[in-house]
Amino acid sequence: MTEEMRGGSTPAVAVLGGGVMGEALLSALLTAGWPTHQVEVVEQHVPRADELAGRYSVRTGATGAQAAARADVVLVAVKPNVVATVLDEIAPVLRGGTVVVSVAAGVPIAAYEQRLPAGTPVVRVMPNTPAVVGKGASAIAPGTRAGEGHLLLVERMLTATGLVVRVAEKDLDAVTAISGSGPAYAFYLIDAMAEAGVLLGLTRDLATRLAAATVEGAGALAVQGEHPAVLRERVSSPGGTTVAAVAELDAHAVRAGVVAAARAAYERSRELGAH
Ligand SMILES: NC(=O)c1ccc[n+]([C@@H]2O[C@H](COP(=O)([O-])OP(=O)(O)OC[C@H]3O[C@@H](n4cnc5c(N)ncnc54)[C@H](OP(=O)(O)O)[C@@H]3O)[C@@H](O)[C@H]2O)c1
C-alpha cells in the first residue's frame, strides 16, 4: 500500500457492478470526498452504466480488466455467482498492492485469495440496504494479507454508508443474521404495526407513516447506547397501555421468534458460504 492510500489523498477506485449496492457504494465514496475522476464504474448493462454516468459524472464503459489495471482499490459489487468470473478477468492485470474489497454475500475470503495474485490484500464487507440512505450497518473482515492501513482505507470509503464495525471473517454469518437480513425483520415489524393500525381504523397510508417513523425514532434512541430493555421500561408506566402491549408480545413468543429467525439466517448463510 502506498503512502497516498494511507494519508489524506484519494486512491483510484474501480467499482465492478453498478447495481443497487454498487450505486450505494459509489454514492458513499463521492459523499466521503472522492473526486469523480478517481472513481469509475464497470457495469455491463449499458443503459444502467449510462444512467450512473449521468447521475454521478463518473467514468463508465471500460472492461473490468481495464478498470482494475489502473485502480488502487477494486470494489467487487456483482452477484456472488459472478465473482469467480470477475476475479479471473482482473487477476492477470492487478498491480502489486491493489486492494480488493468485496461486498458479495457468502463468498469466503479464501476464494478471492486463491484466484488473485499471491499477496493481494482482500477485505470482505457485509453491508445492508439502509446504506443507500446513509443509515447502513456494515461489518468488515480482513483477509490474510490485509493490514490496519487497508481496514482504515475501507472504513474511510464506507464512512458515508453509516455504521462500520470490524469483525473476524468467522463472525460474518452472525453479522448477516443480524444486520444483513435485519432490515427485513424491521420492515416486517413496520408492516405488522401498520396492519394493526388499519384494523383499529387508521388509513393505511397514515398507519404506515406512523409505524415507519416510530421504528426509525426508536432506532435513533437505541443507537445512543442506553440498553434497549431500559428504554422499553421507561415507556412502560405501571398498569398502562405499553406494558399491556408488551405482555402480549411475550405471550405470543415474539422474542423467541426473532431469535429463531436470526438463527435460521445464520444457518442459511453458513450453508451458502460452504458452496
Ligand atoms: N442489496 C443488498 O442489500 C446487499 C446486501 C449485502 C450484500 N450485497 C451484495 O452486493 C452484491 C451486489 O448486489 P446487488 O443487490 O447490488 O445486485 P444487482 O443489483 O444485481 O447488481 C449487480 C450488477 O452487476 C452487474 N454485473 C454482472 N456481471 C458483471 C460483470 N462481469 N462486470 C460488471 N458488472 C457486472 C449486473 O448487471 P446485469 O444485471 O446486466 O447482470 C448488475 O447491474 C451481491 O454480491 C450481494 O451479495 C447486497
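Colleague: How many residues surround the ligand, and which are the closest?

Modeller: There are 27 residues around the ligand, and the closest are Gly17, Gly19, Met21, Ala104 and Ala105; a residue counts as near a molecule if its C-beta atom, placed from the backbone, lies within 6 Å of it. Please bear in mind that this is a predicted model, in which local features need pLDDT of at least 70 and side-chain atom pairs count only at pLDDT 80 or more, while totals for chains, interfaces and linings use all residues. Residues are numbered from 1 along each chain as its sequence is written.

Colleague: Which helix gives the most to that shell?

Modeller: H2 gives the most, with three residues, and both H2 (20-31) and H5 (83-90) supply at least two. Helices here are DSSP runs of H or I with at least four residues, strands are runs of E with at least two, and both are numbered from the N terminus.

Colleague: And by class, what is the shell made of?

Modeller: The shell has 13 nonpolar, 11 polar and three charged residues, where Ala, Val, Leu, Ile, Met, Phe, Trp, Tyr, Cys and Pro count as nonpolar, Asp, Glu, Lys and Arg as charged, and the others, Gly among them, as polar.

Colleague: Which residues does UniProt annotate as "binding site"?

Modeller: The unreviewed entry covers Leu16, Gly17, Gly18, Gly19, Val20, Met21, Ala77, Val78, Lys79 and Pro80. They are spread over 65 residues of sequence, yet they cluster in space, with a largest C-alpha distance of 13.9 Å. Val20 lies in helix H2. UniProt positions are given in the numbering used here, feature names are shortened, and annotations may be inferred rather than shown by experiment.

Colleague: Switching topic, what span does UniProt list for the dimerisation domain?

Modeller: For "domain: Pyrroline-5-carboxylate reductase dimerisation", the unreviewed UniProt entry lists residues 169-272. That span is 80% helix and 0% strand, and its end C-alpha atoms lie 15 Å apart.

Colleague: How do H9 and H10 cross?

Modeller: The axes of H9 (residues 182-199) and H10 (residues 204-222) come within 8 Å and cross at roughly 140 degrees; axes are lines fitted to C-alpha atoms over the stretch in contact, and angles run from 0 to 180 degrees between N-to-C directions. H9 is therefore oblique to H10, given that angles under 35 degrees count as roughly parallel, over 145 as roughly antiparallel, 65 to 115 as roughly perpendicular and the rest as oblique.

Colleague: Which residues of H9 and H10 meet there?

Modeller: Ala186, Leu189, Ile190, Met193, Ala194, Gly197 and Val198 of H9 meet Arg204, Ala207, Thr208, Leu210, Ala211, Ala212 and Val215 of H10, contact being C-beta atoms, placed from the backbone, within 7 Å. By class, this contact has 11 nonpolar, two polar and one charged residues.

Colleague: What about H8 and H13, at what angle do they cross?

Modeller: The axes of H8 (residues 172-180) and H13 (residues 254-273) come within 8 Å and cross at roughly 135 degrees, and H8 and H13 are therefore oblique to each other.

Definitions and conventions
Two residues are in contact if their C-beta atoms, placed from the backbone, lie within 7 Å.
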